[in-house]
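Dear colleague,

Please find below the sequence and the structure that I am handing over to you.

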Amino acid sequence: MSGFIPVNEPLLNGNEKAYLCECIDTGWISSEGPFVKRFEQEMAAYVGRKYGIAVSNGTAALEAAVQALDLEKGAEVILPAFTIISCAQAVTKAGLVPIVVDCEPDTWNMDVSRIEEKITDKTRAIMVVHIYGLPTEMDAVLALAKKHHLKVIEDAAEMHGQTYHGKQCGSFGDISIFSFYPNKHITCGEGGMILTDDEYLAERCRGARNLFFSARRYVHEEIGSNFRMTNMQAAVGVAQLEKMEEHIRRKREIGRRYNALFAELQDVMLPIPETSYAENIYWVYGMVIGESYDFNALEAMERLGGMGIGTRSFFYPIHRQPVYLKQGMFGGVSCPNAERISERGFYIPSGLGITDEQIETVAQAVKQLFRQA
Ligand SMILES: *Cc1c(COP(=O)(O)O)cnc(C)c1O
């Protein structure tokens with residue numbers, strides 16, 4: 001469709017092509033190539049962590065991270081109800097039990113004041129997921145983890161370059177992860193990274209991503225996966241990392257532009273520009289339709305699609321996922337905030353490839369949508 005504005009377009013205007021050509025010219029295309037180590041080291045240094053373990057995607061990073069912790073089967077892991085299935089399935093695939101906490105109505109992050117009531121003698125970890133642009137209230141999470149001797153898994157897949165009280169997201173978990181999917185602040189096409197300061201956990205993650213090969217090749221003590229990142233993915237990642245500050249600046253600019261253009265909207269919740277602990281990084285520009293409108297997010301998205309604007313719906317609550325309900329999980333669980341924003345929330349084009357002119361076009365269409373109503 002000509003003139004259609006997609007919900008995301010990546011920006012690949014740095015050394016990506018040169019580094020990719022280097023892979024081809026040298027023949028280093030597998031996970032053994034030099035860009036992989038370089039990307040691991042540079043990403044770890046950027047976030048301020050000792051070890052980086054590159055993997056094939058963010059979902060794989062979560063799975064390897066949870067597996068590395070080696071929690072006993074049946075142990076409980078607390079995580080937000082409002083997040084992507086990758087978080088919950090890393091828990092359930094490891095034979096662990098996900099316990100969900102509702103989100104805050106305005107930051108859309110896990111409501112940390114509701115965590116402690118979920119802690120039982122089976123709880124072993126809290127999985128923190130920073131949602132859409134603002135970090136989770138880490139001080140509260142870290143205090144609870146310390147008090148109850150829990151591990152912290154930090155999903156910073158949407159937070160490259162974001163800080164909490166000035167400290168990098170991805171530096172808070174016993175084990176933290178990033179994704180480099182094309183809609184993230186930096187991309188490899190597909191890619192993920194696990195970060196930790198713990199040498200033992202780092203070694204376990206390296207095992208988990210590479211079939212737990214042991215000293216004697218083809219002899220295995222544990223079941224792992226092939227989650228290896230290729231040298232070609234890492235080559236793009238290294239080039240993207242060089243642009244990190246520029247990308248972050250642009251993402252914030254896109255967010256602020258939309259904020260200004262939408263100042264007149266009534267009863268539509270927009271991203272909070274800042275909190276006491278962070279300035280929004282606008283990974284995506286989300287909007288939640290107020291109750292005074294008689295349409296939900298799916299209807300709004302369909303109308304915007306008709307106007308040539310790509311959109312995407314908010315996450316669907318974990319405790320409502322059919323795959324888990326079919327297994328008899330989450331019976332009687334209710335998280336009203338997560339349920340409401342997943343029904344009434346959607347996000348609009350805000351990828352790094354968007355132009356200022358396109359931002360104007362999107363904003364006009366969105367304003368028209370709410371004016372008609
Ligand atoms: C994107 C994302 C993931 C998954 O990453 P993939 O690379 O797409 O597998 C996990 N968690 C969150 C919060 C994400 O936004």
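This is a predicted model: local features need pLDDT of at least 70, side-chain atom pairs count only at pLDDT 80 or more; totals for chains, interfaces and linings use all residues.

Helix packing

Two packed helices are described by the angle between their axes and the distance between the axes. Two such pairs are reported here.

On the α3 side, the residues in contact are A64, A65, Q67, A68 and L69; on the α6 side, they are L201, R204, C205 and A208. Sorted by class, the contact of α3 with α6 comprises seven nonpolar residues, one polar residue and one charged residue.

The second pair consists of helix α9 (residues 297–306) and helix α12 (residues 356–372). Here the axes come within 10 Å, with a crossing angle of roughly 130 degrees. The helices α9 and α12 are therefore oblique to each other. Their crossing is right-handed. Helix α9 contributes A300, R303 and L304 to the contact, and helix α12 contributes A365, V366 and L369. Five residues of the contact of α9 with α12 are nonpolar and one is charged, while none is polar.

Pockets

The largest pocket has a volume of about 480 Å³. Its lining is made up of 19 residues, and those nearest the centre of the pocket are E32, R206, G207, R209 and N210. Helix α2 (34–47) and α6 each supply at least two of the lining residues. By class, the lining of the largest pocket divides into seven nonpolar, four polar and eight charged residues.

The second largest pocket holds about 340 Å³ of space. It is lined by 23 residues, and I84, S86, S179, Y181 and K184 are the closest to its centre. Two or more residues of this lining come from each of α3 and strand β8 (175–179). Of the elements concerned, α3 gives the most to the lining of the second largest pocket, with three residues. The classes here are nine nonpolar, nine polar and five charged.

Cavities

How many cavities of 30 Å³ or more does a search of the whole structure find? The search finds two. The largest cavity has a volume of about 60 Å³. The residues lining the largest cavity are D106, T107, W108, I131, Y132, G133, L134, P271, I272, N280 and V284. In terms of class, seven residues of that lining are nonpolar, three are polar and one is charged.

With kind regards

How values were computed. Residues are numbered from 1 along each chain as its sequence is written. Side-chain values use heavy atoms; hydrogens and water are left out. Contact means heavy atoms within 4.5 Å. Helices (H or I, at least four residues) and strands (E, at least two) are DSSP runs, numbered from the N terminus. Ala, Val, Leu, Ile, Met, Phe, Trp, Tyr, Cys and Pro count as nonpolar, Asp, Glu, Lys and Arg as charged, and the others, Gly among them, as polar. On a 1 Å grid over the protein atoms alone, a cavity is a set of points where a 1.4 Å probe fits but cannot get out, and a pocket is an open set with protein on both sides within 12 Å along at least five of seven lines; lining residues have an atom within 4 Å of a point. Grid points are joined across faces, edges and corners, and a volume is the space filled by probe spheres set on the points. Axes are lines fitted to C-alpha atoms, for helices over the stretch in contact, and angles run from 0 to 180 degrees between N-to-C directions. Angles under 35 degrees count as roughly parallel, over 145 as roughly antiparallel, 65 to 115 as roughly perpendicular and the rest as oblique. A crossing is left-handed if the near helix is turned anticlockwise from the far one by less than a right angle, and right-handed if clockwise.
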